[in-house]
Amino acid sequence: MTALMMILGIVVFVIGLLVSIAWHELGHLSTAKLFGIRVPQYMVGFGPTIWSRHKGDTEYGIKAVPLGGYIRMIGMFPPGADGRVTARSTSPWRSMIEDARSAAFEELQPGDESRLFYTRAPWKRVIVMFAGPFMNLILAVALFLTVLMGFGISQQTTTVSSVSQCVIAQSENRDTCKKTDASSPAAAAGLKAGDKILSFNGVQTSSWNQLSDLIRSAPGKEVAIVVDRKGQDVTLHAKIATNQVAKKDSSGQIVTGQYVTAGFLGFSAATGIVRQDFGDSVTWMGDRLGEAVDSIAGLPGKIPALWDSAFDGAPRQPDSPMGVVGAARVGGEIFTLDIPPTEQLAMALMLVAGFNLSLFLFNMLPLLPLDGGHIAGALWESLRRSLAKLLRRPDPGPFDVAKLMPVAYVVAGIFVCFTLLVLVADVVNPVKIS
């Protein structure tokens, strides 16, 4: 049964992956057609074609390897300075440039002269290239909101899980009381596991972060605490202690290894599945976006640890980079967890949403062959033409993005090497969930 559920989870993730890729390419396709650019192919996957159909002047199809997708647009690069698209050279760098230029005109047909990508205004090209990643962002937001507002997420609540018997500085990293430790305010007030705190010193409490902030801001104060105890409202009185507690960031998350002096009541909050309202959901997504940006920026620094995990048997870190194989494995593990099916589905949707968020950010990097590289080229062309017009100089014409193809090959080579390293790590030492 466990193996079957594992396979089901992998299948669900693969379907989510294919939908995400198709959705991304649909953004490029729809905007390209909107601006009159001819698109000969729309493909999901790479390798041999396993199914395709022609509709209008576009071939729609699915290929065997579900690790990406693409659309082919006519005239991605402008002709060379001599107006030719098939110039050859003994220079390997020049050959790369002209090979890319030739590929952009491979399926040129009579009448296509007015349907070339490079002939469109820079702002139109920006829209076409941005539309793909933007579709991933839309899908990520939609899935995140579905989970946050429809299913809810696991978080600390205002219900008491356990009560500390004494005041211990959290930096001491111990849970055993000493004779010299003062009794905790929660224990002295009679707070019990299972109590749900309804109000703190007259303020209604609806979330753990709110309650935590109220406690932290009241060191030395005598407060009244109203709790729901087995259906009965009970009022308790406590004097909030001053203690060293973990620091929180602006979003309420604990900052590991940093501490502040603040109010202390002395209990652990129970966790539960809590639905978020729209405002909290937007805040949560903003925090995840910031974390994703930091994660991508920090990728180079994680390569040594990833190498050690792949080849030296070092433990795989929870925040280690993970590829499609690793994500599929996690998707399978989700469906083997001993949790309700609704939570399994919510976690799977979160996984696909996170994948789409990563696709958006990764494709926005201003590097060829990524979408962001073409966007950067179009913006640079627009800037050059605007400056030329302002300075009353001749129009410099289209920016020849093809000249950057040698750099694109280097970037692609780095991406391939990194992908292979992640693949090895995902196979021999995968990230696991509990």
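## A walk along the salt bridges

Start by selecting D57, a partly exposed residue with a relative accessible area of 29%. Here, buried means under 20% relative accessible area, exposed over 50%, and partly exposed in between (1.4 Å probe, protein chains only). The model is predicted, with local features needing pLDDT of at least 70 and side-chain atom pairs pLDDT 80 or more, while totals for chains, interfaces and linings use all residues. Numbering runs from 1 along each chain as its sequence is written, and side-chain values use heavy atoms, leaving out hydrogens and water.

**First stop: R115 and D57.** (The term means a side-chain nitrogen of Lys or Arg within 4 Å of a carboxyl oxygen of Asp or Glu.) Now look at where the two partners sit. R115 is in the loop between α2 (92-103) and α3 (122-151), and D57 is in the loop between β1 (41-55) and β2 (58-72), so this pair ties together parts that are 58 residues apart in sequence. Helices (H or I, at least four residues) and strands (E, at least two) are DSSP runs numbered from the N terminus. R115 is partly exposed, at 27% relative accessibility.

**Next stop: D195 and R229.** Select D195 and R229, whose closest N and O atoms are 2.7 Å apart in another salt bridge. D195 belongs to the loop between α4 (185-189) and β4 (196-200), while R229 is in strand β6 (residues 222-229), so the bridge links parts that are 34 residues apart in sequence. Are these two residues buried or exposed? Both D195 and R229 are buried.

**Stay with β6.** Show strand β7 (residues 232-239) beside β6: the two pair in the antiparallel sense over eight bridges.

**On to helix α6.** Select R288 and E291, which form a salt bridge with their closest N and O atoms 2.8 Å apart. Both are in helix α6 (residues 278-297), three residues apart, which means about one helical turn separates them. R288 is buried, at 16% relative accessible area, whereas E291 is partly exposed, at 43%.

**Last stop: a network.** Finally, select R125, E381, R385 and D395 together: salt bridges that share partners join them into one network. How many salt bridges does a search of the whole structure find? It finds ten.

Technical notes:
Pairing = 2+ DSSP bridges.
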